[in-house]
Amino acid sequence: MITEFVTEFTKLLVEYPDKVKVTTELMSDDFCEVSIYAHSSDVGKLIGKEGRMINAIKTVITGCKAKGAKNYRVNVKTAE
């Protein structure tokens, strides 16, 4: 659920939506790491001024935490 949401949301924000890839890695029983891979020119758009965009994405994901009882860390990386 998280992966699909983040993928569709980030594709709306970037200039190269075909380069967006989102992976979720289970780090422990109650902790997941979400990695967003995007074109190098789109990484800044996903982070936003003063980190506002990535913080908004984190806030929405935290809302899903109530349903799944997991903590999430979100990383934005350059796609290769």
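**Figure legends: overall fold and close-up views**

Of the 80 residues of the protein chain, 29% count as buried, where buried means under 20% relative accessible area, exposed means over 50% and partly exposed lies in between (1.4 Å probe, protein chains only). This is a predicted model, in which local features need pLDDT of at least 70 and side-chain atom pairs count only at pLDDT 80 or more, while totals for chains, interfaces and linings use all residues. Residues are numbered from 1 along each chain as its sequence is written, and side-chain values use heavy atoms, with hydrogens and water left out.

**View 1. Overall arrangement of the protein chain.** The secondary structure comprises three helices and three strands, in the order α-β-β-α-α-β from the N terminus. Helices (H or I, at least four residues) and strands (E, at least two) are DSSP runs, numbered from the N terminus. The radius of gyration of the protein chain is 12 Å, which agrees with the value near 12 Å for a compact globule of 80 residues; this radius is taken over C-alpha atoms, and the globule rule is 2.2 Å times the number of residues to the power 0.38. Along the principal axes, the C-alpha atoms fill a box of roughly 35 × 25 × 20 Å. Among contacts with a separation of 6 or more, 57% are accounted for by residues 24 or more positions apart, contact meaning heavy atoms within 4.5 Å.

**View 2. Surface and charges of the protein chain.** The protein chain exposes about 5,100 Å², of which carbon and sulfur atoms supply 53%. Accessible areas come from the Shrake-Rupley method with a 1.4 Å probe; for residues, only the protein chains shown count as cover. The mean positions of the 12 positive and 11 negative charges are 4 Å apart. Lys and Arg count as positive and Asp and Glu as negative, whereas His and the chain ends are not counted. Each charge is placed at NZ of Lys, CZ of Arg, CG of Asp or CD of Glu.

View 3. Strand E1 (residues 21-28) and strand E2 (residues 31-38) run antiparallel and are joined by seven bridges; two strands pair if DSSP finds at least two bridges between them. E1 and E2 form a hairpin, with two residues between them. Lys21 stands opposite Tyr37 in E2, and Glu25 has Glu33 of E2 as its bridge partner. E2 also pairs with strand E3 (residues 71-78), in the parallel sense and over eight bridges. In this second pairing, Glu33 stands opposite Arg73 in E3.

**View 4. Ser35 within strand E2.** Six of the eight residues of E2 are buried, so E2 is largely enclosed by the rest of the structure. Ser35 lies in this strand and is buried, with a relative accessible area of 4%. Not counting residues up to four places away in sequence, Ser35 touches Lys21, Val22, Thr23, Asn75 and Lys77.

View 5. Thr10 is found in helix H1 (residues 2-13) and is buried, with a relative accessible area of 0%. When neighbours within four places in sequence are left aside, Thr10 is in contact with Val20, Val22, Ile36, Leu46 and Ile57. The C-alpha atoms of Thr10 and Ile57 are 9.0 Å apart in space, although 47 residues separate the two in sequence.

**View 6. Asp42 in the loop between E2 and H2.** Asp42 is found in the loop that lies between E2 and H2. The relative accessible area of Asp42 is 0%, so this residue counts as buried. Apart from residues up to four places away in sequence, Asp42 touches Val14, Glu15 and Tyr16.

View 7. Glu50 is found in the loop between helix H2 (43-47) and H3. Phi of Glu50 is near 55°, a positive value in a residue other than glycine. Most residues other than glycine have a negative phi. Glu50 counts as exposed because its relative accessibility is 70%. Arg52 belongs to helix H3 (residues 52-68) and, at 57% relative accessibility, also counts as exposed. Arg52 and Ser40 are 12 residues apart in sequence, and their C-alpha atoms are 18 Å apart in space.
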